[in-house]
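Keep the viewer open and follow along.

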Amino acid sequence: MQTARAVPAATVVNLRDLGGIALGCDRRLRQGLLLRSGQLSDFDAEHDMAVAALGIRTVVDLRTADERRWSPDRLPPGARLFVADVLGDHPVLGPARLRALLCDPDGAAAALGGGRAEVLFTRTYRQMVLSPGAAAAYRAFLETAADPRARPLLFHCASGKGRTGWATALLLLMAGASREVVQAEFLAVNRAIRAAFAPVVRRFVEAGGDPDVAAALIEVRPRYLDAALDAMDERWGGLDGYLRDGLRVPPAVTERLRADLVAPA
């Protein structure tokens, strides 16, 4: 199944162009308009000329204030920053604490062992759908992505898998992708994430950390996406109700995104 194209980058983790994802009925997403990644704190324009050449106009940062303060973005030349803090009203949830947890094997085992890590992330994904603060952030993200003057647009969280994964799922669902296509793209980031976190995970395990806890922290799982989709279905009866009543996205925004992003295959 076609997923986003990985963009080679030396200083940006998990950079992917959503263009080319097949939507069915001889349709696909247009290339070069929307890209996803991990944080840009290590971006170096001089050593990543290919990234600089993408012509990014807008970077949407989905991280919390603490994450932005600890690891501020380094923007591509000519890009402007737009903040859409998904977890601002729940800053202690898993994604924002991932690296800290991986530096504390004993604490991670006490807090997250025995399957508790998956439970934590499942709750986090539901919160990304049900929280008013998250709704405001995702509405702002979609409204920005719908503006042709803001594209090419790059959106990201810390590692480009959780908050970014749900943002990508929304875009794909709005464009008419099946849930199978959405899940394939959601899970496709695991390879890049494992590679990026391999040194951290190795030190965690060598210090006595549980490899299963580490895997649950750094990877995305089908259960996580299912939790978000179930929350959307239970509260709003599906995508249309979520966009209309949960996110309060104006119909014109939805129509513009669909018209601009979808192309013949």
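Let's begin at Asp26, which lies in the loop between strand E3 (22-24) and E4. Helices (H or I, at least four residues) and strands (E, at least two) are DSSP runs, numbered from the N terminus. Before going further, note that this is a predicted model, where local features need pLDDT of at least 70, side-chain atom pairs count only at pLDDT 80 or more, and totals for chains, interfaces and linings use all residues. Residues are numbered from 1 along each chain as its sequence is written, and side-chain values use heavy atoms, with hydrogens and water left out.

Back to Asp26: its phi is positive, about 60°, although it is not a glycine. Asp26 is exposed, with a relative accessible area of 65%; the cut-offs are under 20% for buried and over 50% for exposed, with partly exposed in between (1.4 Å probe, protein chains only). Asn14 also has a positive phi of about 60° without being a glycine. Its place is in the loop between strand E1 (5-6) and strand E2 (16-17), but Asn14 counts as buried, at 6% relative accessibility. Why mention such things? Because most residues other than glycine have a negative phi, and most peptide bonds are trans. On the peptide bond side, the one from Arg151 to Pro152 is cis, with omega near 0°. You'll find Pro152 in the loop between H6 and E8.

Strand E8 brings us to His156. His156 is buried, at 0% relative accessible area, and its side chain makes a polar contact of 2.5 Å with the side chain of Asp73. A polar contact here is a pair of N or O atoms within 3.5 Å; within protein, one must be able to donate a hydrogen and the other to accept it, and residues adjacent in sequence count only if both atoms are side-chain atoms. Leaving aside neighbours within four places in sequence, His156 is in contact (heavy atoms within 4.5 Å) with a set of residues including Ser37, Gln39, Asp61, Arg63 and Thr164.

Arg63 deserves a stop of its own. Where does Arg63 sit? Look in the loop between strand E6 (58-61) and helix H2 (65-70). Buried or exposed? Arg63 counts as buried, at 0% relative accessibility. The side chains of Arg63 and Asp61 are joined by a polar contact of 2.9 Å, and the Arg63 side chain also reaches the backbone oxygen of Glu67 at 3.4 Å. The structure holds zero disulfides, a disulfide being a pair of cysteine sulfur atoms within 2.5 Å. The sulfur of Cys157 is 18 Å from the closest cysteine sulfur, in Cys103, too far for a bond. Cys157 counts as buried, at 3% relative accessibility, whereas Cys103 counts as exposed, at 62%.

Now for the rings. There are six aromatic pairs, where rings of Phe, Tyr and Trp (its six-membered ring) pair if their centres lie within 6.5 Å; planes under 30 degrees apart count as stacked, over 60 as edge-to-face and the rest as tilted. Tyr125 and Tyr224 form a stacked pair, 5.4 Å centre to centre with 20° between the planes. This pair links distant parts of the chain, with Tyr125 in helix H5 (residues 116-130) and Tyr224 in helix H11 (residues 222-236), 99 residues apart. Tyr125 is buried at 2% relative accessibility, and Tyr224 is buried at 0%. Phe141 and Phe155 have their ring centres 4.8 Å apart and their planes at 55°, so that pair is tilted. Ring pairs also link Phe121, Tyr125, Phe186 and Tyr224 into a cluster.

Finish at helix H13 (residues 251-261), where Val253, Thr254, Leu257 and Leu261 are buried. Down the axis of H13, the buried residues fall within an arc of 100° (taken from the directions from the helix axis to the C-beta atoms), so they line one face of the helix. The face turned away from that buried side carries the exposed residues Pro251, Glu255 and Ala259. The buried residues of H13 pack against several elements, including strand E5 (34-37), helix H6 (132-145) and helix H12 (239-246).
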